[in-house]
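Have the model open as you read.

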Amino acid sequence: MHRLAALETEVQRALEASAEKAYGLSDHLAANPEVSEQEFAASRLHADFLRECGFTVEYPFAGLPTAYSAVMGNEKRPKVALLAEYDALPEIGHACGHNVHGAMTLLAAAGLAPVMNQLNGTLWIVGTPAEETNGAKVSMAAQGIFDDTDLAMMIHSGAGKSFVRYRCLAMDAIEFTFKGKAAHAAAMPWEGHNALNGVQLLFHAVDMLRQHVRPEVRMHGIVREGGAAPNIVPESASARFYFRAPWRTYLNELMEKIYNCARGAALATGTSVTWRNYEASFDNLKPDPTAESMMEDVFRNLNIPVHSAPEPRGSSDVGNVSFRCPALQPVLALTEEPMALHTREFAALCASPAAHSGILLGAKALAFGTLRVLLDAELRKRIREDFLSGEAQ
C-alpha cells in the first residue's frame, strides 16, 4: 500500500501538470465537433497529445482511418487498456460528452506516463471512433485485439449521479426495404402494390409485439423512404429501427419475431421485403464484480459519491469489448443536477468549467485504478476469474 500511495502522489502531480492541456483539447473538440467516422482532426489531436507524452502511437489503427493505438511499457502483461472516444452527434455536437471522457483518458495517460518505468506491464490507450453509429470497438473486439488485456476501461461523463456498475442493452440496427409495384394512385391504383403500406404495417406489427416482450426491451424506428410523389403508388419504401434488449441471447430470439413481422407485412401487402444491418450490432456489458468493486473503492477514495446504477437504458460498443476481456465503463456526473444526454443542455455542460473539473477527477480515477491492476497480481487473478465465470448472455 505504501508503494501504491507513493505512485498515486507522483501520478497526481503529473495529472495536474497536464490538466490545462487536456481541458483545451476537450474545449476544442466541443467547439469543432466531428460526427462518427469523420473524426479526422479529433483523432490527430489525440494521437499528437499521446506522442508528446512519450507513447508509441500507431495511427490509423485496426483498419479504421480515425482510430489509433498508443503504447507505453514493456508491451507484455499485465496490460491495461484505457479507451478514448471523440465522435459527436449530428446537429447537436458533443451532447454525449465524448470530448470530455476522451480527455479524461488522455489526461490519465499523461499522469501515468512518468511512472511506467517503475511498473511491470503495459499501458495501452485505444482511440475508438464512431461510438454513436458503427462502434469501432465492435470491429476491434471481433479482430481479437483486446483478448490479451487484463482490464479495459473508460469513464463516461453523465449528470445527476455517479456510479460504477454500468449496464447497457444489446442492440441490432436493422433497415427493412419493401418493394412493390408503381401505378397511378388515382387512375389505376389496383395495378400497384404499395411498398409504403408494407412499412406502415411493419410499424403496427412491432407496436403489437410490445405487449409480448420483456419490459426492458426498446424498439424504435423511422421511415427512411416513403415514395416519390402522392400520385404514384410507392414501389419502394424503407424503415430503420434500433432493437434493444438486456441480453444478446434474448435479443437474438426477439429478432426472429421481428423478421416474422416483416414477412407478414410483405405478405399482407403483396410486396417483398429484405433487411440488413445498417450499423454494427452492440452486445450488452458483461459484468466483472471484482473490477467494479475495485473501481468503487477508487471513487470513494476520491470523494466521488457512488450510487446504485439505474436499469440499462442505452447501448454502447464497450459491451462487445466486455466479452473479450474484463471491461468497465463507470459514469461520472459532471453536475448534481439531473440532465438527459443527447440534449443541447448537456452539450453546453460539456463545454463548461464543470467539465474541466470532471476531466481531472475522472483522469485520477482511471489512473489510480490502472495502478491497482498493474501492481496487484491477486487482483488481476480475481478479475480474470470473474470474467471467465461470468454468464455470457
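Start with strands β2 (residues 68-73) and β4, which run antiparallel and are joined by six bridges. This is a predicted model, so local features need pLDDT of at least 70 and side-chain atom pairs count only at pLDDT 80 or more, while totals for chains, interfaces and linings use all residues. Residues are numbered from 1 along each chain as its sequence is written, and side-chain values use heavy atoms, with hydrogens and water left out. Helices (H or I, at least four residues) and strands (E, at least two) are DSSP runs, numbered from the N terminus; two strands pair if DSSP finds at least two bridges between them.

Within that antiparallel pairing of β2 and β4, valine 71 sits opposite tryptophan 124 of β4. Strand β3 (residues 79-84) also pairs with β4, again through six bridges, but here the two run parallel. Look for leucine 83 in this pairing: its bridge partner in β4 is valine 126.

So how enclosed is β4 (residues 122-127) by the rest of the structure? Largely, because six of its six residues are buried (under 20% relative accessible area, with exposed meaning over 50% and partly exposed in between, for a 1.4 Å probe and protein chains only). Thr122, Trp124 and Val126 point one way from β4, Leu123, Ile125 and Gly127 point the other way, and all are buried.

Phenylalanine 146 lies between α4 (136-143) and β5 (151-153), and with 0% relative accessibility it counts as buried. Leaving out residues up to four places away in sequence, phenylalanine 146 touches Leu83, Trp124, Val126, Lys137, Met140, Ala141, Val321, Arg324 and Cys325, where contact means heavy atoms within 4.5 Å. Phenylalanine 146 and serine 157 are 11 residues apart in sequence, yet their C-alpha atoms are 23 Å apart.

On to the helices. Two packed helices are described by the angle between their axes and the distance between the axes. Helix α3 (residues 98-112) packs on helix α10 (residues 353-375) at about 50°, with the axes 7 Å apart; axes are lines fitted to C-alpha atoms, for helices over the stretch in contact, and angles run from 0 to 180 degrees between N-to-C directions. α3 and α10 are therefore oblique to each other (under 35 degrees is roughly parallel, over 145 roughly antiparallel, 65 to 115 roughly perpendicular, and the rest oblique). The crossing of α3 and α10 is right-handed, meaning that the near helix is turned clockwise from the far one by less than a right angle, with anticlockwise giving left-handed.

Residues meeting across α3 and α10 include Val100, Met104 and Leu107 of α3 and Ile359, Leu366 and Leu371 of α10.

Among the residues making the contact are Leu201, Leu202 and Val206 of α5 and Leu254, Ile258 and Cys261 of α6.

Threonine 249 is also in α6 (residues 248-269), and at 41% relative accessibility it counts as partly exposed. Its C-alpha atom is 9.6 Å from that of aspartate 283, 34 residues apart along the chain.
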